[in-house]
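Colleague: I am new to this structure and would like to learn how to read it feature by feature. Could we go through it together, with the general idea before each case?

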Amino acid sequence: MLHTICKFNSNVMLGKLYLSLGICVKLLYDSKRNGINKGQNVVFICNKLSTIAGNLKNTTLLSGVAYIFHQAKRDVSSGVQAKNMDPERQFFVGGNWKMNGSRREIEDLLKNLEKADLNPEVEVIVAPPSVYLEFSKCRVPKNIMLAAQNCFKVAKGAFTGEISPAMLKDIGIEWVILGHSERRHIFCETDTLICEKVNHSRSEGLCVIACVGEKLEEREAGKTQEVISQQMKSIAEGVKDWSGVVIAYEPVWAIGTGKTATPDQAQEVHCRIREWLKENVSPTVAACTRIIYGGSVTGKNCRELAKQCDVDGFLVGGASLKPEFIDIINATKQK
Ligand SMILES: O=C[C@H](O)COP(=O)(O)O
């Protein structure tokens with residue numbers, strides 16, 4: 001896609017070429033950082049270029065931008081967008097450290113990740129306890145991003161013990177986990193509150209890993225689909241721009257229990273979540289949104305789970321504190 005957009009004609013001046021290439025690379029980088037997948041890149045870059053072109057005064061730069069804009073638009077109308085809408089979703093692995101770790105342990109975990117041979121095609125985040133986010137920010141390897149494990153629904157105020165998306169952004173954090181079952185069931189967070197948190201986080205520019213999942217009794221009562229649909233509905237009500245949202249399916253009965261969902265069970269629910277997105281949001285969002293699995297993922301079971309066509313990664317708890325986290329990150333490499 002980048003190749004297509006940057007296809008210059010030989011009579012474009014070298015200066016314009018470099019300036020324009022620089023903008024393309026920057027925009028592509030921004031689109032990746034924002035969690036935008038290949039399918040959305042052309043549209044994203046078109047929109048950004050039109051904004052830049054609208055604001056620029058430098059005529060040389062403007063002509064370079066206009067040229068790329070023209071090329072990008074032409075490619076969109078000639079079907080490049082449609083081709084890239086194939087669900088090529090970048091594999092995503094998150095490590096949720098929950099309420100674990102000390103400065104020393106976190107330093108070791110990050111050093112081990114830095115030394116590891118991680119598949120560069122996988123997007124990796126780790127979520128330390130909030131008190132260690134800034135400490136981790138100074139030590140996290142460049143190829144890994146940080147997430148908070150929670151945040152509140154407003155920017156500031158009298159909310160003792162809470163942290164806001166604005167505060168997370170202020171210290172350079174780009175992701176947050178919301179709606180985790182431990183927040184739902186131990187801290188009694190409702191769908192309404194989760195919706196408000198998702199909405200506020202997205203509006204502040206934080207990317208969100210939004211969790212859904214049924215309890216054992218709900219599964220046994222045949223209510224999995226109903227529960228997941230309700231949770232998806234409240235999350236979706238808080239999302240206008242899906243480019244920075246990852247959905248984590250975490251069956252509550254599989255979290256920290258050693259009872260992993262079978263690959264078929266995971267695939268069945270992931271497929272239904274994608275169908276839900278298709279019917280209730282849009283086919284594009286359904287095709288581009290990563291749906292990751294969480295619940296007793298280990299170095300041993302990750303490869304079979306990763307083979308499922310709608311499993312786009314993992315949210316890992318216990319095993320993210322162990323060396324096997326590296327095998328989980330590399331699950332697709334070892335297929
Ligand atoms: O956020 C992660 C999930 O709660 C999974 O935890 P677990 O891998 O320890 O089962």
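Predicted model: local features only at pLDDT ≥ 70, side-chain atom pairs only at ≥ 80, totals over all residues.

Colleague: Which residues come nearest to the ligand, and how does the shell around the ligand divide by class?

Modeller: There are 13 residues around the ligand, and those that come nearest are Lys-98, His-180, Gly-256, Ser-296 and Gly-318. By class, the shell consists of seven polar, four nonpolar and two charged residues.

Colleague: How should I read the empty spaces?

Modeller: The general idea is that rolling a probe the size of a water molecule over the atoms shows where empty space is left. Here the count is two cavities of 30 Å³ or more, and the second largest cavity, with a volume of about 30 Å³, has Glu-250 and His-180 in its lining, together with Gly-179, Ser-181, Arg-184, Cys-211, Val-212 and Gly-213.

Colleague: What volume does the second largest pocket have, and which residues lie nearest its centre?

Modeller: The volume of the second largest pocket is about 490 Å³. Of the 18 residues that line this pocket, Met-99, Gln-149, Asn-150, Arg-183 and Phe-187 lie nearest its centre, and the lining as a whole divides into eight nonpolar, six polar and four charged residues.

Colleague: How many disulfides are there?

Modeller: In general, a disulfide is a covalent bond between the sulfur atoms of two cysteines. In this model the count comes to zero disulfides. Take Cys-302: its closest cysteine sulfur, in Cys-309, is 18 Å away, which is too far for a bond.

Colleague: Are Cys-302 and Cys-138 buried or exposed?

Modeller: Cys-302 is buried, with a relative accessible area of 0%, whereas Cys-138 is exposed, with a relative accessible area of 65%.

Notes
Residues numbered from 1 in each chain as written. Heavy atoms only, no water. Disulfide = S-S within 2.5 Å. Buried < 20%, exposed > 50% of the residue type's maximum accessible area, 1.4 Å probe, protein only. 1 Å grid on protein atoms, 1.4 Å probe; cavity = no way out; pocket = protein on both sides within 12 Å on 5 of 7 lines; lining within 4 Å. Points joined across faces, edges and corners; volume = space filled by probe spheres on them. Nonpolar A, V, L, I, M, F, W, Y, C, P; charged D, E, K, R; others polar. Near = heavy atom within 4 Å.
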